[in-house]
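Trainee: I have a two-chain model open and want to work through it. Can we take it piece by piece?

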Amino acid sequence: MADISIKGLHKTYPGSTELATNNVSLEVAEGEFMVLLGPSGCGKTTLLRMVAGLDFPDEGSISIGGRDVTYLPPQDRNLSMVFQSYAVFPHRKVRTNIGFGLVMKKVPRDEIERKVAWAADLLQLTPYLDRYPAQLSGGQRQRVAVARAIVMDADVLLMDEPLSNLDALLRLDFRAELKKIVQQLGSTTLYVTHDQVEAMSLSDRVAVMKKGQIAQLGHPITVYEEPADRFVGGFIGSPPMNFLEGRVTQQGALEVAGQSTDAPEFLAHTARTGGLPVMVGIRAENIYLEQRGIPGTLDATVEVVEPLGHATLLTVDLGGQTIKVQVASTVRVSSGERVGLRFDQSAIRFFDTETQLGLTA
Amino acid sequence: MSHTKTTETTTQAARQQPEVDRRPLARQRRNRMLLQAACIVITLFMALPIYLIALSATSSRAALQEFPLSFIPDNFSLETMETFLQSTGILGGLINSVQVGIFTLLLSLIIGVPAGYAVARFAFPGRDPYQLFLLFTRALPIVVLSVPLAQLFLQTGLYDSVIAVVLLHTALALPTTILITSSVFLGVPRDVEEAARIFGCSPVQAFLKVVMPMAIPGIAAASIFTFVMSWNEVLGASILTLNQRTLPAQVLTSLAESPLAYRFAGGFLLVVPALVFIFFMRRYLTNMWGSTIR
């Protein structure tokens with residue numbers, strides 16, 4: 001087990017002028033579960049591949065456990081990896097697949113057998129040890145890939161979207177299982193995903209990436225509740241955070257869609273000249289439905305009602321801007337209905353309209 | 001509320017169904033029968049001549065003249081084959097042919113498999129011209145090449161040797177070997193190779209332990225192509241040899257003035273080794289791990 005230290009990584013793929021990673025620095029503590037989250041093309045997989053040694057950076061350095069590994073080939077880095085496509089060896093039985101890395105490391109045979117049995121037991125693969133991967137289901141193949149990675153006792157465990165090829169139900173099951181296993185092992189883990197739910201549920205810390213750079217790094221709940229910029233707020237959460245064009249009036253009130261509510265203290269203070277434009281961000285679950293006309297509510301019209309079972313998702317028109325509102329499934333509301341919306345003041349976030357960065361007190 | 005709804009659906013389902021049109025089912029069955037019939041016809045088309053040659057080669061000389069010809073091997077005799085094998089140059093030709101076939105196979109795999117891998121995996125400068133250039137070797141007919149080739153081999157002192165024919169056949173076989181193996185290497189996912197690297201393989205080890213075994217079907221196909229091509233190739237072998245003839249070259253020279261029995265025996269001996277080779281390599285063609293490589 002070891003920590004990972006990444007400093008100033010630059011990488012451009014041949015034949016491309018765009019930086020795949022642009023001056024990325026990241027510290028992953030020993031035993032930490034770090035998730036790299038971002039849309040496709042944000043450089044998260046590139047970053048992982050450079051840590052793995054499958055790609056080499058143009059500039060910058062990577063060290064694992066205090067040892068420089070920037071340009072070492074993958075086999076000399078003492079790490080293991082779970083691939084998105086499983087990448088199990090189809091010509092080898094499950095048993096030799098799991099033990100492959102140990103055989104390459106010339107571990108004694110009885111030791112290999114013991115470890116393979118342990119991993120197979122942990123991942124419920126014991127009945128399938130003498131089968132070929134082609135005879136397994138997708139979920140079982142992914143278990144083989146995980147088993148192959150965890151028997152290695154590697155310094156670092158890398159995972160490249162390991163759940164994205166599984167169907168939804170299996171993914172949910174396996175996610176919890178994976179968390180349990182990694183917690184048991186306590187290994188330093190770098191996990192790439194584009195699924196914000198995975199990132200939230202698995203990580204100790206999450207690094208949200210955008211265009212080759214880390215947009216925000218932090219505890220998942222912090223990232224969820226206090227997104228550093230509009231991109232992060234819009235990427236994390238389902239449905240994504242609502243963004244409304246607003247303005248802080250000279251009197252220190254917040255004006256959204258031609259209606260005004262109270263502005264928080266810090267913004268009212270900074271209302272230097274009249275009409276400071278701000279981007280208002282609020283999550284769907286922090287908006288409450290009220291009777292129309294109650295003071296402090298905004299008038300809106302319900303456009304679409306989507307019952308989800310555990311809650312009901314409303315698409316609401318608020319003075320020409322469309323937002324999502326999540327209400328309890330017991331709430332009876334129909335499309336076309338005119339309602340009042342009340343924002344949970346403590347959950348409102350503000351963003352600069354130009355830089356898109358979050359505004360804080 | 002929910003109860004009434006369930007009942008509603010059930011009554012609807014119980015309503016009279018329109019009559020089922022079973023014609024598509026019959027059509028499907030008919031098409032399957034036709035496919036079977038086509039398979040049988042094609043198999044007969046390929047197998048019948050081979051059977052007749054085998055029959056004639058293992059019958060006595062007298063039986064060949066009988067009319068009508070018997071389709072059952074009732075007068076089995078090795079007389080024809082024995083005479084054929086004892087003719088001058090046949091046994092030597094057979095040995096030469098086997099040698100040429102095996103060495104061509106080995107040499108073309110040793111050169112062709114890494115080349116196929118390089119073409120499939122690496123974007124090196126000049127890759128496209130290289131692939132085109134490969135096909136050029138087959139673009140020129142061997143008749144055109146024969147004179148310069150003969151001259152070249154005479155100069156280097158390789159003329160009239162097994163090595164000369166091996167070199168020629170390897171050159172002829174390489175394009176197909178490279179193209180077939182490269183297409184198979186393309187089918188081996190890069191992830192699997194990368195996984196091998198992560199779990200402790202050097203690039204060469206990853207190739208030998210993971211990529212090669214996954215490419216076995218393609219390598220088998222290329223082997224069949226190469227061996228059968230080498231076994232059947234006459235023209236080049238005839239030009240480059242005089243005394244060290246391969247079997248087809250030897251048979252060809254004496255075919256015109258030989259009796260019918262000799263021809264059947266020669267034909268039989270030419271067909272059998274290629275068939276045996278294909279028979280053994282066949283199981284590698286369909287891959288060995290259950291279903292498709294993925």
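Mentor: Start with a definition. Two residues are in contact if their C-beta atoms, placed from the backbone, lie within 7 Å. Keep in mind that this is a predicted model.

Trainee: How many residues of domain 1 of chain B are in contact with domain 2 of chain B?

Mentor: The domain assignment of chain B gives domain 1 as 28-77 and domain 2 as 88-289. Their centres, taken over C-alpha atoms, are separated by 30 Å. Domain 2 of chain B puts seven residues into the contact, and the count for domain 1 of chain B is seven.

Trainee: Which helix gives the most to the side of domain 1 of chain B that touches domain 2 of chain B?

Mentor: Two helices of chain B each supply at least two residues of that side: H2 (23-57) and H3 (61-65). By class, this side of domain 1 of chain B has five nonpolar, one polar and one charged residues. The top contributor, with five residues, is H2(B).

Trainee: What share of the residues of chain B count as buried?

Mentor: Chain B has 14 helices and zero strands. To count as buried, a residue needs 20 or more other C-beta atoms within 10 Å of its own. Of the 294 residues of chain B, the share that passes is 31%.

Trainee: At what angle do H5(B) and H8(B) pack, and what is the hand of their crossing?

Mentor: Two packed helices are described by the angle between their axes and the distance between the axes. For H5(B), residues 90-121, and H8(B), the axes are 6 Å apart and the angle is about 35 degrees. The residues of this contact divide into 18 nonpolar, 11 polar and one charged. The crossing of H5(B) and H8(B) is right-handed.

Trainee: Which helix gives the most to the side of chain B that touches chain A?

Mentor: The contact between the chains takes 20 residues from chain A and 18 residues from chain B. On the chain B side, H9 (190-198) and H10 (203-214) each supply at least two residues. By class, that side has 11 nonpolar, four polar and three charged residues. The most, six residues, comes from H9(B).

Trainee: On to chain A. Which strands stand at the edges of its open sheet of six strands?

Mentor: The order of the sheet in chain A is S6-S7-S8-S3-S9-S10, with mixed pairing. Each edge strand has a single partner strand, so one side of each is left without a neighbour in the sheet. On average, neighbouring strands are turned by 20 degrees against each other, direction ignored. The edge strands of chain A are S6 (79-82) and S10 (213-218).

Trainee: Which residue in S8(A) stands opposite Leu37(A)?

Mentor: In chain A, S3 (residues 33-37) and S8 (residues 188-193) pair in the parallel sense over five bridges. The residue in S8(A) opposite Leu37(A) is Thr193(A).

Trainee: How many residues does domain 2 of chain A bring to its contact with domain 1?

Mentor: Chain A is divided into domain 1 (4-235) and domain 2 (242-359). A distance of 39 Å separates their centres, taken over C-alpha atoms. The side of domain 1 of chain A has three nonpolar, one polar and three charged residues. Domain 1 of chain A brings seven residues, and domain 2 of chain A brings eight.

Trainee: Is the peptide bond from Ser238(A) to Pro239(A) cis or trans?

Mentor: Most residues other than glycine have a negative phi, and most peptide bonds are trans. Pro239(A) is found in the loop between H8 (230-235) and S11 (242-248) of chain A. Omega of the bond from Ser238(A) is near -5 degrees, and the bond is cis.

Trainee: Where is Asp160(B), and what is its phi?

Mentor: Asp160(B) sits in the loop between H7 (142-156) and H8 (162-187) of chain B. With 15 C-beta neighbours inside 10 Å, Asp160(B) counts as partly exposed. Its phi is positive although Asp160(B) is not glycine, with a value near 60 degrees.

Conventions. Residues numbered from 1 in each chain as written. Chains lettered and ligands numbered in written order. Predicted model: local features only at pLDDT ≥ 70, side-chain atom pairs only at ≥ 80, totals over all residues. Helix = DSSP H or I, 4+ residues; strand = E, 2+ residues; numbered from the N terminus. Buried ≥ 20, exposed ≤ 12 C-beta atoms within 10 Å, placed from the backbone. Nonpolar A, V, L, I, M, F, W, Y, C, P; charged D, E, K, R; others polar. Domains from an automatic or database assignment. Axes fitted to C-alpha atoms, helices over the stretch in contact; angles between N-to-C directions. Left-handed = near helix turned anticlockwise from the far one by under 90°. Pairing = 2+ DSSP bridges.
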